Protein chains: 2
Amino acid sequence: MASRSRITRALTKADRVSASTLATRPSLLSCAARSFSTSTRRQFRSSAFCRVKFTTDSYPEIKRDSRFSQVTEDHVRHFKELLGSDAAVLDAVTNEAAADDMEPFNCDWMRKYRGHCRLVLKPASTEEVSKVLKFCNDNMLAVVPQGGNTGLVGGSVPVFDEIVINMSRMNKVRSFDDVSGVLTADAGAVLEIVDNYLAEKGYIFPLDLAAKGSCHIGGNVATNAGGLRLLRYGSLHGSVLGVEAVLPDGTIVDDLFKLRKNNTGYDIKQLFIGAEGTIGIITGISIHCPQRSKAVNVAFFGLESYEKVQLAFREAKGQLSEILSAFELMDNQSQALVKKVTKNNFPLENEYPFYCLIETSGSNSEHDSAKLEAFLEDVMEKEVVSDGVVAQDETQTKSLWGWREGISEASGAFGGVYKYDVSIPLKSLYRLVEDVKAKIQAAGLIGETDEYPVVDVVGYGHMGDSNLHLNVCVRRYDKKVEKILEPYVFEWIKDHEGSISAEHGLGLAKKKFIGYSRSDNMIGLMKQIKNLYDPVSGIVY
Amino acid sequence: MASRSRITRALTKADRVSASTLATRPSLLSCAARSFSTSTRRQFRSSAFCRVKFTTDSYPEIKRDSRFSQVTEDHVRHFKELLGSDAAVLDAVTNEAAADDMEPFNCDWMRKYRGHCRLVLKPASTEEVSKVLKFCNDNMLAVVPQGGNTGLVGGSVPVFDEIVINMSRMNKVRSFDDVSGVLTADAGAVLEIVDNYLAEKGYIFPLDLAAKGSCHIGGNVATNAGGLRLLRYGSLHGSVLGVEAVLPDGTIVDDLFKLRKNNTGYDIKQLFIGAEGTIGIITGISIHCPQRSKAVNVAFFGLESYEKVQLAFREAKGQLSEILSAFELMDNQSQALVKKVTKNNFPLENEYPFYCLIETSGSNSEHDSAKLEAFLEDVMEKEVVSDGVVAQDETQTKSLWGWREGISEASGAFGGVYKYDVSIPLKSLYRLVEDVKAKIQAAGLIGETDEYPVVDVVGYGHMGDSNLHLNVCVRRYDKKVEKILEPYVFEWIKDHEGSISAEHGLGLAKKKFIGYSRSDNMIGLMKQIKNLYDPVSGIVY
């Protein structure tokens, strides 16, 4: 976790930023992909570096707030003095030759957003963050906080000439208590590095997600990341014990408590969890980490209906209870796509309308296997589940997970994909997929030949968290499809009391759609909070 | 959960409010007891109803804010029209004969605090709460929200003539999803009734505490109650999915979301969790409930040192991992007291400096027993644990728990007890007990005969949550003892980065001590929030 390795990491991310026509399509900007496999990432990394369309060109309606100052040479001089180290200031204001070096900080890795920033600051301490923000606030300089820049909604890159405050130099574990499992670390520490550190001590970070090799734990907290372990370890609102953050005016929120119980006044730190850096910059966190499970088992099974999926989930919660760590849903269409793309042998003999993947994590492999097998026997006897397999070794475990994790890549293999990451009450969760498909079918847009834009509509996701991924797989992007999807999908979610953003946050992409998931009262209260901490809009994004 | 049964419940609570000289001792007011056994409660209930000293007499330094209006007959008439039902308004303003009926709402059940309220309102809907608060805000009438009135820090009763807004008529379960386990209920629903409702469906409320027969789930959320299940099910900040609340100006916070993932803006509801009703009144909650465990096992063991207790806890977390539901610490002194008072047979042959009680809850009794026995064998072989027993049936389970749960009552059996409920990092958790005892010994205040005020200093608590209960058991209350304890205990906790209130909140009792657990910056931020939602101090306590 030395500074050097972090810089290398940041630079390699630049390679992933390559040209894409996707960025020109506003309707796609509102529905970001959830997870990306390592192989997809590698493709980005190895492709030639190309320029991404400026966000200001994609969204000409977004105007720069003229109250903000332009960054001058005097400002740059001040920051260089303030931060000392050469590594701390990346400056194209006084040094035009550094313009290209700005790109990794101006562009998001999805290649959808690109800002005009000409100054990147990398403070090395909370005090430095405080001084930087106070100066920016006093001088009306807009800033955008940036963690690992792995966000999916355009929240971590500038739109105009905001100064990027990149947290990569604050990347140390500050302390770990191996009795209580409480970790305290800088916000810029990389999730995977922290998790590896914890693994050596028999603990686990209570969050896992595909971007773990790059994302910062401070960014995870700032975006209230959910990820793969939420079913088991719950939300960050429960596991984060303390937050250290800096408000736009430089005030340090020193709430880095390290114990699980503290009822002495308002829990202000909660506001920073999920605020996406809009009311302050998180500089450190303390978090309760559970013990790492010694045994992991995986089963994969087929079911005849979505009603049976719900029954199976109910039974799994009851019978597997404390060892259940994942309950993933995949529809037949999603598995057909993976089959077509990977040409792998499907784990079950027959096809079923639905499949589920169950993972257990526990402290005793023998007990867990026995529970899992008893569960499978029971649900098969009750004819809830039609067929199922249990992985016998790590290779089989990986192979079974492949059928779930391969969907994202397979969905895009035919040209493109419209993706929605939403939460919906379990009873109606899958109906969204059916309703969207019916509408597309009624419009005559789906078919097996090239004249139809839509290849298929597939649904999958974290059943355990009521979190659905809806993918509309297309041969080409088509306005007719887009018109059917939006605002229909958002309206549908509103009518079914769901959330238009289960995990990724609002960012720039979903900011204007917040009304589909929040009442006017709630939006008014949010504006009050923003105004409380940032009356002069010191932080813009 | 009909209205009738709630009223009966409220009235019986009146019987518990009896005279006590404790209320006259300011130093005791700052350190409330944590839990009270059913038998203690029964004693209160059966004792004659006596008047408690007014808080204004105990704390003459607290002055009524003269900006607030007095409640007039016109106000009462307005509220009667607004709320309609006779059951909704308890009025001693226009009806002097009802003065005695006010006592259960004016007094806390610890008999430490007593207000001068002459009007109790019991709204039956969120809209009614909104109309009441708006009217009070517009007319400068102070109010105090009241749930089950089981708090331990004087936060749920008035000090002056504030109107009590009692939530007991809003006591319905609104919905329950037996697939996701998400419950939505009125704030005034009683915890035990809700938990029994969930038990029938195979679920459990993710919180348990001694006052469950009376406390409201809205009050639990308002005070961020921790209780017995925190080790297993985590904090309410993680499990509460939605809050419906009314701000002082009548604005309804309609954030009653029912899914686990929703990243669409600031998580405002979190502010109401633990705010103790000072920025709004919670009227409803939605909460994620886990499946109820089928198997519960309990073990009790003796250890030679606090270092070994920490080792045992570490091992229990590792080996029992997902089934560990309690890890309780008791020192030898605490057990000696219970032995002396109950005259029960101690479960172990020999005495040890420390004892721990471990509880497991899981889905498979056989597996859990095997894990627990393997764990005990392991820690005994490593000489971490010196001796241990495992309960063989429910009677033994209750008996073992009795040694932990009996401490509170036994501590007070010699005359009185100074109680502190604090959290401290595990490494230094028990040292507080040793340091306090050493100070009292050095002052010559502890001994076996009547001339010494202090009988013993005992420590116990929820090791799994770093939550220590420090009891200084006395023959009589003595200023000399008090001078040693305060502010020494609070300073000690501050120096060791603990919290002066692990669970109970600040209320009136600990409000002035907040600086021992929070920085000036954090206190300033809290005042900002209070001022944001309650600029005219519509809610005072």
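How many residues has the largest nonpolar core, and which have the most contacts inside it?

Modeller: This is a predicted model, with local features needing pLDDT of at least 70, side-chain atom pairs pLDDT 80 or more, and totals for chains, interfaces and linings using all residues; side-chain values use heavy atoms, without hydrogens or water. Residues count from 1 along each chain as written; chains are lettered from A and ligands numbered from 1 in written order.

The largest nonpolar core has 129 residues (buried Ala, Val, Leu, Ile, Met, Phe, Trp, Tyr and Cys joined through side-chain atoms within 4.5 Å). Phe205(A), Ile529(A), Leu183(B), Phe205(B) and Ile529(B) have the most contacts inside it.

Take Leu183(B). Beyond its neighbours within four places in sequence, its contacts (heavy atoms within 4.5 Å) include Val173(B), Phe176(B), Val194(B), Leu198(B) and Phe205(B). Ile285(B), Ser286(B), Ile287(B) and Cys289(B) are also among them.

Lys261(A) forms a salt bridge with Glu503(B), closest N and O 2.7 Å apart (Lys or Arg side-chain nitrogen within 4 Å of an Asp or Glu carboxyl oxygen). Lys261(A) lies in the loop between β8 (252–255) and α12 (269–272) of chain A, and Glu503(B) in the loop between α20 (488–495) and α21 (520–533) of chain B, so the pair joins two chains (DSSP runs: helices H or I, at least four residues; strands E, at least two; numbered from the N terminus). Lys261(A) is buried at 2% relative accessibility; Glu503(B) is buried at 6% (buried: under 20%; exposed: over 50%; partly exposed in between; 1.4 Å probe, protein chains only).

Contrast Arg118(A) and Glu96(A), whose side chains meet in a salt bridge at 2.5 Å, N to O. Arg118(A) is partly exposed at 32%, and Glu96(A) is exposed at 53%.
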